[in-house]
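Please walk through the model below, starting from one residue and ending at the interface between the chains.

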Amino acid sequence: MNPALSGGGAVEFVEVSGLFEDGWCEPVFSCNARATEQLTRCQLTVWLKPELERLGCAVRISVNGNDTMSCTLPYDLPTVVQVACKGAAGDVVSIQVSCDNLVVNKGSDLRRLSFRLQSLAFS
Amino acid sequence: MASVSVQTTVSLDGFHGNDLCGRVAGVDPLQPPEAYVSEGDIRLGVAALALNPGNSGEMQFRWKIPPTLFDKQLHVLYVHTNDASAQIGFIGDPSLLIPSAPVAKPVAKPAVQPASTPAAPQSSPSNLQILRKQTSTLRQLLNGEAAGPGRLARRAPLDLLERYGSRFPDATFKRPGGHDFIWLGVINYNFRIQRPQHLVTEFADAGHRVFYISINFEAADDAGKFRVEDMPHHGVFLIRLRVAGAPPANIYGGFTEAQVADIQQSLDEARLLLNITQPTVVVQYPSWYDIAAGVPGATVVHDCLDYVGGFSNVPQEMVDLEKRLIVNADLVVTTAAPLAEHVAELRSSTVIRNAADVDFFAAAARFDDVRPADKRPVVGYFGAISDWYEVGWIEHCAKARPEWDFVLIGHTTGANVEPLKALPNVKLLGEQTYASLPSYLSEFDVACIPFIVNDLIRCTNPVKLYEYMAAGKPVVASPMPEAVNATPLVYIAHDATEFESQIAKALAEDTPELRRERNAWATEHTWTNRARQFLDAIDELSPRVSVVVLAYNNWEYTKACLHSVLTLSDYPNLEVIVVDNASTDDTLWQLERVERRDSRVRVIHNEKNLGFAAGNNVGIVASTGEYVILLNNDTYVTRGWVRDLIRPLVQDESIGLVGPLTNNIGNEQKINVNYADMQQMAVVGRRFVRRYVRRRFFTANLAFFCVAMSRKTIDRVGVLDEAYGRGFFEDDDYCQRVRAAGLRIAIADDVFVHHHLSASFNALGSEEKRAQMERNKAIYEAKWGEWKPHVYRDAPGFG
């Protein structure tokens with residue numbers, strides 16, 4: 001289990017893409033999760049590496065294919081984003097997070113990284 | 001009873017439901033601290049504390065997030081105890097409050113008490129404080145910039161979509177590697193499709209964001225100072241600025257000084273909210289000049305479309321304003337060689353001609369069609385018909401050749417077309433849509449450009465020439481230089497009689513081969529190619545700049561300085577060289593961490609403290625930039641400072657040194673400003689300097705807390721004189737040498753840099769400091785004669 005997905009026992013993750021083992025994500029992260037209980041909200045904690053000459057960067061969160069949240073996140077500050085995510089036990093919910101940030105990597109790390117997902121939890 | 005001092009730490013676990021949870025460690029259970037939550041300087045409430053049963057030195061806290069924070073906006077929350085704090089960002093979806101609170105209309109926030117803790121010391125902002133100030137700036141702008149120091153306005157939060165338009169989220173997305181363009185055009189996007197629309201769509205297709213600003217304004221209210229009105233093409237956003245005060249109706253009459261200030265503020269809000277970075281501002285009409293020049297750190301490009309003085313309805317003030325625009329822009333693009341010659345009286349320009357959407361107009365081509373014998377030849381024209389149109393030529397030909405039909409498309413404002421209206425073989429169709437033009441063009445047998453060759457037309461590169469040719473049509477044109485020199489395929493007519501004969505010749509000579517040849521010529525002149533030329537020219541406008549920061553201990557200063565340089569420079573070709581002058585604290589270790597994190601940073605470690613001059617010289621020698629900026633580590637820069645500071649050097653080779661305005665120095669660079677922290681500094685400093693865009697004040701001396709010089713200056717004058725040892729007077733000495741080399745010294749009155757002053761020297765005792773000054777003064781006077789004390793500038797706001 002990826003540490004970023006360990007929080008919140010209310011779902012079982014069915015499919016995850018755009019997330020690396022160390023919590024870094026590509027510009028688009030998405031997952032499908034099956035609810036094990038009634039869901040009302042999804043909570044993400046996101047961190048942006050402080051290296052671009054910007055105050056913040058734009059992040060868009062879609063729940064079940066609907067754009068639920070578009071916001072500007074600051075750099076170098078863990079930020080919790082709570083969005084509504086309704087589902088009954090057994091339902092599969094999908095979350096997509098897209099971010100226009102792109103990290104400039106050094107050395108041999110050639111991954112296309114955008115943001116770090118510190119946690120993703122449902123309740 | 002003796003009290004025991006206990007150092008507490010705060011850590012945040014995150015949110016559980018609507019509760020912010022965390023721990024306070026290092027507490028004395030007998031004297032538990034108060035823990036409260038604030039947002040910026042606004043105290044929101046006290047957190048409930050409870051002993052952690054598993055750890056007697058730790059307390060757990062919970063704080064219920066008020067419904068007002070569920071508004072889809074960023075809230076930077078701080079949990080404070082007596083001597084520690086921690087922060088976290090929070091963004092909540094209002095629909096999570098259902099059914100306990102309304103969703104559609106966010107609730108106004110309750111009145112809150114100001115924090116009782118004193119403001120953090122200005123002199124040593126921590127990373128945490130800096131970030132806090134940045135986000136607070138964003139919040140302050142969201143809440144209206146009118147809020148002054150200590151009077152942060154609190155208004156009911158409005159939904160961003162409601163405030164800035166439904167396209168706002170799309171507009172905030174910047175594609176990696178893309179530039180941001182602010183387009184200050186001469187027409188609105190939805191007016192007749194011309195060069196502006198073609199270029200901006202090409203830019204957007206190349207991965208850039210274009211913010212096309214409307215030429216009309218509307219009055220601002222509490223709901224924001226701009227609106228994203230539409231996205232007519234992916235990556236192109238139409239922005240309407242909402243202006244406080246009395247907004248001008250449009251751009252054509254020019255702006256008053258007050259209107260300029262109001263428009264700049266609206267644009268500031270747009271830049272911040274839309275995350276516009278390293279902007280290129282393209283100006284197509286002179287009245288935008290002050291607005292464009294006032295965008296901090298922007299590359300200003302004047303896309304000079306026409307000879308403005310040639311229009312009968314353009315006032316002289318606009319012609320004069322264009323001269324300022326031409327002189328002060330970072331790049332001038334002209335559309336025609338004669339226009340470039342006209343501009344060359346003031347400066348050089350890059351010619352990027354007009355073009356055609358070749359595929360679009362080639363749809364009108366009938367390369368192999370043969371005109372039936374019973375079909376009357378059609379001589380056509382589309383475009384504006386105004387006072388520079390040879391109406392007489394059309395009248396002459398229509399009368400001489402009743403067997404030809406003349407189809408003229410376009411509005412006729414300014415032209416007297418009465419003589420044509422009575423002619424049965426002339427059809428004036430008025431303005432038609434761009435989409436319909438190929439179908440009209442397909443019916444033309446000959447296309448024409450019958451213009452009076454006056455100063456305006458002599459400098460014109462007609463778009464329609466490329467569009468006609470894309471469709472393979474023979475073109476008969478007046479002898480305007482850009483038509484004559486374009487290609488031998490164009491038929492040139494000098495008068496009405498020749499116009500008639502050239503049309504006849506064109507009709508007679510036309511063949512499928514010639515049509516294809518014309519089309520082939522046009523395919524070399526596409527908007528895609530022109531946009532590439534444009535982008536290449538812009539890329540050359542960012543010469544490499546090296547910022548040299550000399551550090552000796554005082555890591556808190558250096559950290560704040562570097563943070564500001566790395567986050568606010570807004571400059572694409574930057575090198576930051578930090579020279580550690582043998583610090584004895586953890587400065588070097590911290591610097592190496594920064595170096596690992598940011599590829600722009602290079603750290604050089606001196607084995608011993610070489611002093612100010614020699615320490616900076618190490619950085620100068622190691623630098624690779626075409627321009628070098630020496631920056632003290634007790635400074636904090638403002639957005640866009642790099643480009644604005646080097647601009648005088650780039651534009652005027654007689655200038656050898658440039659410095660900014662500042663809050664704290666003993667010479668003509670000092671302005672009279674007050675602020676409590678870096679957030680206020682950014683607002684107050686900007687408010688001051690935007691009145692003086694592009695103004696240079698020539699002086700004899702600059703203080704070297706922040707000074708820019710070109711590589712040419714260094715090659716000519718050399719590096720700093722190391723005889724001055726630890727410091728003092730080396731800057732006056734260098735200024736003398738620069739002037740002795742015949743170069744001028746300028747203050748860029750549109751750049752502000754905060755200066756704490758003498759962070760390193762304050763570490764010396766006052767006696768040692770005085771002795772150092774006396775010693776160096778003697779060195780200076782031995783070289784240059786009596787030293788003259790510096791003076792403040794005798795002008796309002798200075799000193």
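In which helix is the place of Arg739(B)? Arg739(B) belongs to helix α25 of chain B; helices (H or I, at least four residues) and strands (E, at least two) are DSSP runs, numbered from the N terminus. This is a predicted model, in which local features need pLDDT of at least 70 and side-chain atom pairs count only at pLDDT 80 or more, while totals for chains, interfaces and linings use all residues. Residues are numbered from 1 along each chain as its sequence is written, chains are lettered from A and ligands numbered from 1 in the order in which they are written, and side-chain values use heavy atoms, with hydrogens and water left out.

Arg739(B) has a relative accessible area of 32% and is therefore partly exposed; on this scale buried means under 20% relative accessible area, exposed over 50%, and partly exposed in between (1.4 Å probe, protein chains only). Leaving aside neighbours within four places in sequence, Arg739(B) is in contact with Ala700(B), Asn701(B) and Ile745(B), where contact means heavy atoms within 4.5 Å. The C-alpha atom of Arg739(B) is separated by 15 Å from that of Trp787(B), a residue 48 places apart along the chain.

Helix α25 of chain B, residues 730-740, also holds Asp733(B). With a relative accessible area of 0%, Asp733(B) is buried. Which side chains make polar contacts with the side chain of Asp733(B)? One is Lys783(B), at 2.7 Å, and another is Trp784(B), at 2.8 Å. A polar contact is a pair of N or O atoms within 3.5 Å; within protein, one must be able to donate a hydrogen and the other to accept it, and residues adjacent in sequence count only if both atoms are side-chain atoms. Not counting residues up to four places away in sequence, Asp733(B) touches Lys783(B) and Trp784(B) as well as Asp721(B), Tyr724(B) and Tyr780(B).

Now to chain B as a whole. Its secondary structure comes to 26 helices and 34 strands. Of the 799 residues in chain B, 59% are buried. Among contacts between residues at least 6 apart in sequence, 74% join residues at least 24 apart.

Charged pairs come next. Side chains of opposite charge can pair when their charged atoms come close. The count is 43 salt bridges over all chains, a salt bridge being a side-chain nitrogen of Lys or Arg within 4 Å of a carboxyl oxygen of Asp or Glu. In one of them, the closest N and O atoms of Asp303(B) and Arg195(B) are 3.0 Å apart. Asp303(B) lies in strand β16 (residues 299-304) of chain B and Arg195(B) in helix α4 (residues 195-205) of chain B, so this pair ties together parts that are 108 residues apart in sequence. Asp303(B) is buried at 0% relative accessibility, and Arg195(B) is buried at 3%.

Arg376(B) and Asp405(B) also meet in a salt bridge, at 3.0 Å from N to O. Here Arg376(B) sits in the loop between α9 (358-362) and β19 (378-382) of chain B, and Asp405(B) in strand β20 (residues 405-409) of chain B, 29 residues apart. Arg376(B) is partly exposed at 37% relative accessibility, whereas Asp405(B) is buried at 14%. A further salt bridge joins Arg518(B) to Asp510(B), with the closest N and O atoms 2.9 Å apart, and both residues are buried. Salt bridges also link Glu218(B), Asp221(B), Glu229(B), Arg240(B) and Arg242(B) in a network.

In chain A, strand pairing is the topic; two strands pair if DSSP finds at least two bridges between them. Strand β2 (residues 24-35) of chain A runs antiparallel to strand β8 (residues 115-122) of chain A, with 2 bridges, and Trp24(A) has Arg116(A) as its bridge partner in β8(A). β3(A) pairs with β8(A) over 6 bridges, also in the antiparallel sense; there Gln43(A) is partnered by Ala121(A).

How many residues of chain A are in contact with chain B? The number is 34, against 43 residues of chain B. Between the two chains there is 1 salt bridge, which joins Asp170(B) and Arg60(A) at 3.5 Å, N to O. β6(A) and strand β8 (residues 85-92) of chain B run parallel and are joined by 4 bridges, with Val81(A) opposite Ile91(B).
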